[in-house]
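Work through the exercises below with the sequence and the model at hand. Each task is followed by a solution in steps.

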Amino acid sequence: MDWLRELIRRLGMLRRRSAFDAELEEEIRLHLDLRQEQHLASGMPVQRAREIANRQFGNPLRLQEKSHTSWGWSWLEDGIQDLQFGARMLRNSPGFAALAILTLAVGIGANTAIFSVVNSVLLRPLPYPEADQLAILWSGFGDTSRAPATTFELFQIRQQSKEFEQVAGIWVTNGALPGDGEAEQVKVASVSSNFLPLLCAKPALGRFFNSADENPKSTLPIIISHGVWVRRFGSDPSLIGKTVRFGRGSAVVIGVLPKGFRLMLAGGSSVPSNVDVFYSIPINANNPLGPAFLRLIGRLRPGSNIAKAQAEADSIAKQITSFDENSGISNFHLYVYSLQADDVREVRSTLLLLFGGVAFVLLIGCANLASLLTARSTHRLRETAVRMALGASHGRLVRQLLTESFLLACFGAVAALGIGWSAMRAILAVRPPALANLNDIKLDWRVLVFTFVLAILSSALFGLVPLAALRRLDLTDTLKETARPAGWSKGYWSRLLVSVEVALGFVL
């Protein structure tokens with residue numbers, strides 16, 4: 001536990017920093033007074049006694065620095081000083097600071113906006129239980145690979161599959177809103193009884209369908225969306241089990257789905273995100289020539305994957321084809337895709353291309369900013385030389401320049417959040433239909449972390465160019481008033497950065 005005691009000691013030093021500094025100064029003063037009194041007792045003049053006492057004692061500032069180092073927080077003091085100095089330099093150059101921050105804000109903001117879309121569409125899992133195990137199954141005939149399935153095909157897949165825990169189907173059409181009041185057309189889904197449990201952990205009220213609901217003996221059981229429950233039935237908690245008007249007949253409400261529940265199937269599936277009413281249909285095992293209208297989804301068993309499921313689907317498709325020579329089923333195929341991958345298949349390449357494009361925008365911005373910093377450094381050569389002459393190490397100067405770059409990046413990141421948010425809203429306003437059923441796109445904690453990490457990396461990138469020129473600084477020549485700026489006078493770095501910007505612009 002020695003490390004814990006040491007940590008407590010250092011935290012105590014940090015908390016009582018000013019008190020320790022005062023005690024140290026008082027102790028140094030007492031030592032100097034004691035030595036001076038000893039010399040005065042031998043008949044030495046006061047001024048001479050003070051000079052000798054100071055020389056014998058040593059440099060008090062050096063002693064204070066050593067004491068601060070032993071307390072263990074010198075790195076924190078140096079960092080605070082660098083931040084304060086960097087902020088003061090930016091405040092003294094408001095035009096440069098504003099231009100640099102705007103340049104970074106545009107580059108980082110564009111990346112933030114596109115990453116927020118990529119994060120929501122490609123990275124964030126679908127809002128379903130164990131979403132990574134969900135798959136969509138498409139039927140294929142000849143060149144057609146994204147066709148719906150029949151109830152006969154669904155039954156055969158259920159019977160023969162070992163890689164899927166469940167396989168379910170859905171078909172959406174228009175229908176009347178249940179309940180009394182003015183008639184209204186809404187989206188109504190016919191589903192197999194096991195469909196909703198694949199995508200929803202539990203209903204907000206009531207229960208899901210069971211096998212008995214596929215062939216109701218009396219009133220049709222239905223499950224309604226949360227929105228219908230609120231606007232049509234006034235959020236009545238006693239609605240479950242009641243009979244309501246539905247179409248030309250009646251139905252009994254057995255469940256209410258959670259608020260915010262949406263269906264997220266690919267655009268080509270003809271399944272909208274918002275469905276208001278669900279009812280269960282039987283799965284016919286005796287009619288191979290029945291209509292193909294179901295969109296199929298399934299949940300893989302633990303340990304299975306899409307490749308295994310596809311191999312099994314190929315085998316099942318062959319068995320369905322040869323099931324009955326009079327069935328009319330020929331050249332039949334089954335295709336299995338991850339549900340999330342299938343949702344984004346139309347936009348994945350576009351998003352990745354846009355992400356790469358805005359990365360080049362940021363690189364161009366960094367090159368611009370490096371040019372600004374290099375030009376600004378020519379006006380700070382004498383200041384840098386004086387600091388080196390006073391004893392500043394090369395490492396301390398490098399850290400100071402990187403700290404200024406870091407401050408610029410942080411301010412640019414804050415401004416970039418505003419630009420990124422505005423750009424994201426613009427993207428959503430014109431998003432393609434392929435994005436209509438996907439997650440809400442927003443600036444969440446992943447986007448915030450991405451923005452500030454990108455800012456830090458950018459600060460290191462554009463802060464390296466002035467550092468490279470700093471190594472060529474001639475201290476003696478720079479301290480002379482008439483000396484030309486060493487290292488930057490030939491314009492090497494400026495020409496190089498312009499070339500980099502032009503090259504990146506062509507690639508973009």
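**Exercise 1: salt bridges**

Lys242 and Asp236 are joined by a salt bridge, with 3.5 Å between the closest N and O atoms. The model is predicted: local features need pLDDT of at least 70, side-chain atom pairs count only at pLDDT 80 or more, and totals for chains, interfaces and linings use all residues. Residues are numbered from 1 along each chain as its sequence is written, and side-chain values use heavy atoms, with hydrogens and water left out.

Task: state how many salt bridges the rule gives, and describe the pairs of Arg299 and Asp276.

Solution. 
1. A salt bridge requires a side-chain nitrogen of Lys or Arg within 4 Å of a carboxyl oxygen of Asp or Glu. The count by this rule is 5.
2. Arg299 pairs with Glu130 at 3.6 Å, N to O. Arg299 belongs to strand β10 and Glu130 to the loop between α6 (94–123) and β1, so the bridge ties together parts 169 residues apart in sequence. Helices (H or I, at least four residues) and strands (E, at least two) are DSSP runs, numbered from the N terminus.
3. Asp276 pairs with Arg231, their closest N and O atoms being 3.9 Å apart. Asp276 is in the loop between β8 (249–256) and β9 (277–280), and Arg231 is in helix α9 (residues 226–233), 45 residues away.

**Exercise 2: an enclosed helix**

Task: explain why helix α7 (residues 151–160) counts as largely enclosed.

Solution. 
1. Of its 10 residues, 7 are buried, so α7 is largely enclosed by the rest of the structure.
2. The buried residues include Phe152, Leu154 and Ile157.
3. Their cover includes β1 (134–141), β3 (164–176), β10 (295–300), α10 and β11 (332–338), contact meaning heavy atoms within 4.5 Å.

**Exercise 3: the nonpolar core**

Task: find which residues have the most contacts inside the largest nonpolar core.

Solution. 
1. Such a core is a set of buried Ala, Val, Leu, Ile, Met, Phe, Trp, Tyr and Cys residues joined through side-chain atoms within 4.5 Å.
2. The largest has 37 residues, and Phe164, Ile222 and Ile224 have the most contacts inside it.
3. Helix α10 (residues 306–321) supplies its largest share, 5 residues.

Notes. Buried means under 20% relative accessible area, exposed over 50%, partly exposed in between (1.4 Å probe, protein chains only).
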